[in-house]
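Please read the following report alongside the sequence and the structure.

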Amino acid sequence: MENKILVTRSSMPPYEEYIEAIRPLWESRWLTNMGKYHQELEEKLKEYLDVPQLSLMVNGHLALEMAIQAFRFPEGAEVITTPFTFISSTHAIVRNHLKPVFCDVKPEDGTIDESKIEELITEHTVAIVPVHVYGNVCNVEAIQEIADKYDLKVIYDAAHAFGVKYKGKGIGNYGDASVFSFHATKVYNTIEGGAVAFSERRIYDRLYNLKNFGIRGEELVTEVGANAKMNEFAAIMGLCNLKRVEEVLKARQKKYDLYINKLEKVDGIRFFQRKKEAGNNYAYFPILVEGDYILDRNELYDKLKESGIFARKYFYPLTSDQACFKNQYRNVQLKTARKLSSQVLVLPLYEELNESEVIQICENIRR
């Protein structure tokens, strides 16, 4: 199968541009430890994402893990979260020795169902970790109202929501913290990378300690920390990609709109709804394969694969139902999430995807 169409393809700057940009590293030999380019990218991303504070990390998972850790929750406390997400969201909670409490999601957009959060709150609940899944914005107002009522922290997994604005503000302004991923498969990448956005300055100091062994001076370590610093090669890739991110988004939007045009009248194919006053970063193109369609989701996935089109069952199984949790959440009532998990299929979408390839994918689905 020579002409495979993969679900994603990394956006990269011109080769010569990146090579020229990393040339100074051979002179300085400053390759990590929050050097010049790390600092520059941190400032530029803070501006682009329209957030008051930002801390760069080596990847999105450690960004989330350390964002949670920065709030110093007691071991064994409960965190309400969504099962309809990448496994990293749940692992970050568990690896902090906290207990995930899974809340069902809404059928229209796949985000956490805010109407079901309150019934899950106990005396052990300390936080809510919702996910802006596929860049669909959660009901941030209702979630904050619940958090304020019960004195809970809200830490958003915004890995899918790079650059998204809601009501004119960067999505990272909502909640106590928001975590972004700059993985190679994301709409914007630093090869590997991530960041935590927040408003309180004290969180910056805690994250600095956590990502840099707690080192605050040549002979001073004030806290037990880890190593989650972004290196200079990754930071330079981020700076190069940031220059062209708007160009990338426009290219992705064209394919996104073409998908809508070609598939919106196909019986049994449904799209997630987008929240009013929320932007779109065209990070993913998920469809829901429902009863009126001639095939079920798995059959469609297999048929596309036979044609060299590699879509993705994203997310299946649910995070809560993965083998690592040994069936301990199998009896949790997650009716909508499990249904969506059996229906959703993410179609290929990336900057260099040809419009002819989008049409080919749509024709396969229509057939």
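## Surface and interior of the predicted model

Ile 215 is partly exposed, with a relative accessible area of 32%; buried means under 20% relative accessible area, exposed over 50%, and partly exposed in between (1.4 Å probe, protein chains only). This is a predicted model, in which local features need pLDDT of at least 70 and side-chain atom pairs count only at pLDDT 80 or more, while totals for chains, interfaces and linings use all residues. Residues are numbered from 1 along each chain as its sequence is written, and side-chain values use heavy atoms, with hydrogens and water left out.

Ile 215 belongs to strand S10 (residues 215–217). Helices (H or I, at least four residues) and strands (E, at least two) are DSSP runs, numbered from the N terminus. Together with Phe 213 and Val 221, Ile 215 makes a nonpolar surface patch of about 250 Å². Patches are made of residues with over 30% relative accessible area and no salt bridge, where like charges are joined within 9 Å and nonpolar side chains (Val, Leu, Ile, Met, Phe, Trp, Tyr) within 5 Å. A salt bridge is a side-chain nitrogen of Lys or Arg within 4 Å of a carboxyl oxygen of Asp or Glu. Accessible areas come from the Shrake-Rupley method with a 1.4 Å probe, and for residues only the protein chains shown count as cover.

Leaving aside neighbours within four places in sequence, Tyr 134 is in contact with residues including Phe 84, His 160, Phe 272, Arg 274 and Tyr 284. Contact means heavy atoms within 4.5 Å.

## Strands and their partners

Strand S9 (residues 194–198) is mostly covered, since five of its five residues are buried. Gly 194, Val 196 and Phe 198 point one way from S9, whereas Ala 195 and Ala 197 point the other way. S9 runs antiparallel to strand S1 (residues 53–57), to which five bridges join it. Strand S8 (residues 177–181) also pairs with S9 in the antiparallel sense, over five bridges. Two strands pair if DSSP finds at least two bridges between them.

An open sheet of three strands has the order S12-S13-S14, with antiparallel pairing. Strand S12 (269–270) and strand S14 (344–347) are its edge strands, each pairing on one side only. Five of the five residues of S13 are buried, so S13 is largely enclosed by the rest of the structure. From S13, Phe 285, Ile 287 and Val 289 point one way, and Pro 286 and Leu 288 the other way. S12 pairs with S13 (residues 285–289) over two bridges, and S13 pairs with S14 over four bridges.

| Residue | Opposite residue and its strand |
|---|---|
| Ser 55 | Val 196 in S9 |
| Ala 177 | Phe 198 in S9 |
| Ile 269 | Val 289 in S13 |
| Phe 285 | Leu 347 in S14 |

## A covered helix and a buried loop residue

Helix H5 (residues 87–94) is mostly covered, with six of its eight residues buried. These buried residues are Ile 87, Ser 88, Ser 89, Thr 90, Ala 92 and Ile 93. They pack against helix H4 (60–70), strand S2 (78–81), strand S3 (99–102), strand S4 (125–129) and strand S5 (153–157).

Asn 189 is in the loop between S8 and S9, and counts as buried at 4% relative accessibility. Not counting residues up to four places away in sequence, Asn 189 touches residues including Ser 10, Phe 182, Met 237 and Asn 241.

## Backbone details

Most residues other than glycine have a negative phi, and most peptide bonds are trans. Arg 72, in the loop between H4 and S2, has a positive phi of about 55 degrees. His 97, in the loop between H5 and S3, has a positive phi of about 60 degrees. A cis peptide bond joins Tyr 316 and Pro 317, with omega about -10 degrees. Pro 317 lies in the loop between helix H10 (297–306) and helix H11 (335–343).
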